[in-house]
Number of protein chains: 2
Amino acid sequence: MKLHILGCYAATPRTLTNPTSQVLEIKNHLFLIDCAEGTQVQLRKNKIKFSRITHIFISHLHGDHFFGLPGLISTFRLLGREKEMHIYGPKGIKEAITLLLKLGDSWTNYHLYFHELSSKESELVFEDDKVSVHTIPLNHRVYTNGFLFREKLDERKLNVDALDKYNIDKSQFRNIKKGQNIILENGELVPNSELTFDPKKPKSYAYCSDTAYMPEIVQQIAEVDVLYHESTFLESESHLANKTKHATAKEAAAVAGEAKVGQLILGHYSTRYKSIDLFKEEAQQIFPNVELADDGKVFEF
Amino acid sequence: MKLHILGCYAATPRTLTNPTSQVLEIKNHLFLIDCAEGTQVQLRKNKIKFSRITHIFISHLHGDHFFGLPGLISTFRLLGREKEMHIYGPKGIKEAITLLLKLGDSWTNYHLYFHELSSKESELVFEDDKVSVHTIPLNHRVYTNGFLFREKLDERKLNVDALDKYNIDKSQFRNIKKGQNIILENGELVPNSELTFDPKKPKSYAYCSDTAYMPEIVQQIAEVDVLYHESTFLESESHLANKTKHATAKEAAAVAGEAKVGQLILGHYSTRYKSIDLFKEEAQQIFPNVELADDGKVFEF
């Protein structure tokens with residue numbers, strides 16, 4: 001699992017910093033999460049292969065998470081894309097994009113599917129044999145969801161030496177990978193645990209931006225490997241965090257601690273602070289394993 | 001008169017080039033012309049004072065001329081703008097912007113006025129005592145206007161020595177600047193030409209992008225000081241120019257020549273070419289005074 005931070009600053013694009021967008025590489029998928037103005041240039045700068053993106057997840061319809069989407073959709077058209085594209089986001093996203101395409105008489109020549117979200121409960125929005133994606137309802141000024149990405153448990157790994165020892169035929173391998181025991185021709189039962197190794201533990205990533213401090217999410221994101229949680233402010237500006245429904249670094253760390261996550265990544269920084277290191281210092285007073293997102297940074301889990 | 005090129009490449013924002021946006025400084029106005037994705041970052045990089053922009057002119061509703069506008073409007077709100085803003089653009093622009101603001105519950109706290117355009121004839125869209133702006137109807141795939149910016153003739157300049165010689169009272173200066181003759185106490189008539197100098201010749205700038213070759217505009221832009229004319233293609237790709245309703249460098253030069261403009265600036269280049277110098281070479285075969293727009297370039301007239 002690999003996370004590319006394309007932008008992680010709050011509010012507006014600036015000369016050296018970009019508003020929110022990131023790409024999660026998970027089980028051969030390239031999921032785009034949020035799409036602020038400038039995202040397509042950041043995709044180019046970070047050498048991410050555009051054409052492999054087929055699913056875009058939009059947390060909410062504030063410009064700093066969404067205003068790069070119309071341009072990206074248009075660019076896919078200009079690049080001759082034929083593969084379908086799925087967009088998951090709040091109700092209204094379809095009307096907005098459709099209107100912009102209509103005004104420019106610039107309909108896509110690929111299929112564009114909108115999956116509009118309006119539930120206040122967590123929903124399964126995407127699933128295949130390798131990965132599932134659920135919404136994480138958040139608390140912001142407008143309807144907002146985070147997203148929880150979970151790898152599924154792989155098949156069990158074959159123990160080639162054991163298979164050899166019992167002279168087991170290839171035709172059985174598929175069942176053995178699925179966990180079946182084997183009965184040999186002499187009637188002896190060989191338990192699956194002797195024929196296979198455990199698969200790698202599936203990884204999970206929770207993306208939570210934008211939101212006020214929201215302990216209600218702790219249960220859903222419990223023990224995820226990585227939590228990206230917004231920290232627009234420091235505790236010294238908690239009055240602004242309350243007013244604008246954002247979180248402080250301390251609050252992000254509290255959520256990480258309560259949920260016992262493996263690692264916390266902070267982002268969505270207000271540009272009022274001199275150094276983003278201040279966010280890490282504040283968070284680490286509560287939760288030790290903190291990393292700072294920054295534009296262009298890549299995390300491998 | 002000063003022209004800041006923020007972006008002048010066709011189609012999509014790329015790592016090193018930006019789609020169309022420019023700022024015209026004219027008689028203390030800062031007019032923003034088109035507003036592609038990335039414009040607000042380009043404004044910052046080019047150190048243009050955001051708050052002085054009060055009039056935005058949008059040629060047409062293709063993304064590479066327009067998708068930076070929602071973000072710019074939002075950023076003005078975040079920066080605490082109070083001064084009103086006027087936006088001139090094709091019918092539909094108000095619905096699009098209003099929908100995006102509504103979805104983000106991000107209404108501006110300054111007055112936003114939309115001046116929607118739908119006429120196929122040239123119209124006066126802005127006028128004060130110093131400047132006028134007319135639309136230039138163009139021929140593109142969607143409804144498109146260029147814009148013709150004209151300084152008004154200044155008042156006549158006072159000849160201080162002559163005023164002294166005839167001992168003319170200050171109370172008369174305002175009338176003299178407007179061209180009035182003076183009758184002295186002894187009944188002698190002093191013609192205005194003896195009391196004043198000619199004001200500077202007013203300047204004019206015509207912005208024509210995007211458009212197919214359109215000789216119909218020659219009359220309207222005749223003898224302007226500066227013509228910015230799109231040249232998306234070279235003549236070798238004239239079939240693409242015809243198909244997409246764009247112009248070639250040769251066609252832009254033909255318009256400049258027929259209109260006897262002072263200077264031609266080319267822009268809106270397709271990124272398929274190795275060097276934009278090719279556009280200049282092709283245009284200069286027909287019209288000598290050609291300059292190439294490029295991102296970050298400033299022209300002073």
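A residue is called buried if its relative accessible area is under 20%, exposed if it is over 50%, and partly exposed in between. The exercises below apply this definition and others to a predicted model.

**Exercise 1. Determine whether D210(A) is buried or exposed, and describe its surroundings.**

Step 1. The relative accessibility of D210(A) is 2%. Since the limit for a buried residue is 20%, D210(A) counts as buried.

Step 2. In chain A, the loop between β14 (204-208) and α7 (218-221) holds D210(A).

Step 3. Apart from neighbours within four places in sequence, the contacts of D210(A) include H60(A), H65(A), H140(A), E230(A) and H268(A). With one of these, H60(A), the side chain of D210(A) forms a side-chain polar contact of 3.4 Å.

**Exercise 2. Explain why the residues that UniProt lists for "binding site" gather at one spot.**

Step 1. An unreviewed UniProt entry gives H60(A), H62(A), H140(A) and D210(A) under this heading.

Step 2. In sequence these residues span 151 residues, but no two of their C-alpha atoms are more than 10.4 Å apart; therefore they gather at one spot.

Step 3. H140(A) may be examined in detail. Its place is the loop between β8 (131-137) and β9 (145-151) of chain A, and with a relative accessible area of 6% H140(A) is buried.

Step 4. Leaving aside neighbours within four places in sequence, H140(A) is in contact with residues among which are H60(A), H62(A) and D210(A). The side chains of H140(A) and H62(A) are joined by a polar contact of 3.4 Å.

**Exercise 3. Classify the ring pair of F66(A) and F67(A), and state which rings R81(A) lies over.**

Step 1. A pair of aromatic rings is described by the distance of the centres and the angle of the planes.

Step 2. For F66(A) and F67(A) the centres are 5.8 Å apart and the planes make an angle of 50°. Planes under 30 degrees apart count as stacked and those over 60 as edge-to-face, so the pair of F66(A) and F67(A) is tilted. Both F66(A) and F67(A) are buried.

Step 3. Over all chains, the count is 30 aromatic pairs. One cluster linked by ring pairs consists of F31(A), F57(A), Y88(A), F126(A), F147(A), F149(A) and Y205(A).

Step 4. R81(A) lies over the face of F76(A), 4.6 Å from the ring centre. The charged end of R81(A) also sits over the ring of Y110(A), at 5.4 Å from its centre.

**Exercise 4. Show why strand β14 of chain B is largely enclosed, and identify the strands that pair with it.**

Step 1. The strand comprises residues 204-208, and five of the five are buried, so β14 of chain B is largely enclosed by the rest of the structure.

Step 2. In a regular strand the side chains alternate between the two faces of the sheet. On one side of β14(B) are S204(B), A206(B) and C208(B), on the other Y205(B) and Y207(B); both faces are covered.

Step 3. Strand β9 (residues 145-151) of chain B pairs with β14(B) in the antiparallel sense over four bridges, and F147(B) stands opposite Y207(B).

Step 4. Strand β15 (residues 226-230) of chain B runs parallel to β14(B) and is joined to it by four bridges. The bridge partner of A206(B) there is L227(B).

**Exercise 5. Assign W107(A) to an accessibility class and locate it.**

Step 1. At 45% relative accessibility, W107(A) counts as partly exposed.

Step 2. W107(A) lies in the loop between α3 (93-103) and β6 (112-117) of chain A.

Conventions:
Residues are numbered from 1 along each chain as its sequence is written. Chains are lettered from A and ligands numbered from 1 in the order in which they are written. This is a predicted model: local features need pLDDT of at least 70, side-chain atom pairs count only at pLDDT 80 or more; totals for chains, interfaces and linings use all residues. Side-chain values use heavy atoms; hydrogens and water are left out. Rings of Phe, Tyr and Trp (its six-membered ring) pair if their centres lie within 6.5 Å; planes under 30 degrees apart count as stacked, over 60 as edge-to-face and the rest as tilted. Buried means under 20% relative accessible area, exposed over 50%, partly exposed in between (1.4 Å probe, protein chains only). A charge sits over a ring if NZ of Lys or CZ of Arg is within 6 Å of the ring centre and within 35 degrees of the ring normal. UniProt positions are given in the numbering used here, feature names are shortened, and annotations may be inferred rather than shown by experiment. Helices (H or I, at least four residues) and strands (E, at least two) are DSSP runs, numbered from the N terminus. Contact means heavy atoms within 4.5 Å. A polar contact is a pair of N or O atoms within 3.5 Å; within protein, one must be able to donate a hydrogen and the other to accept it, and residues adjacent in sequence count only if both atoms are side-chain atoms. Two strands pair if DSSP finds at least two bridges between them.
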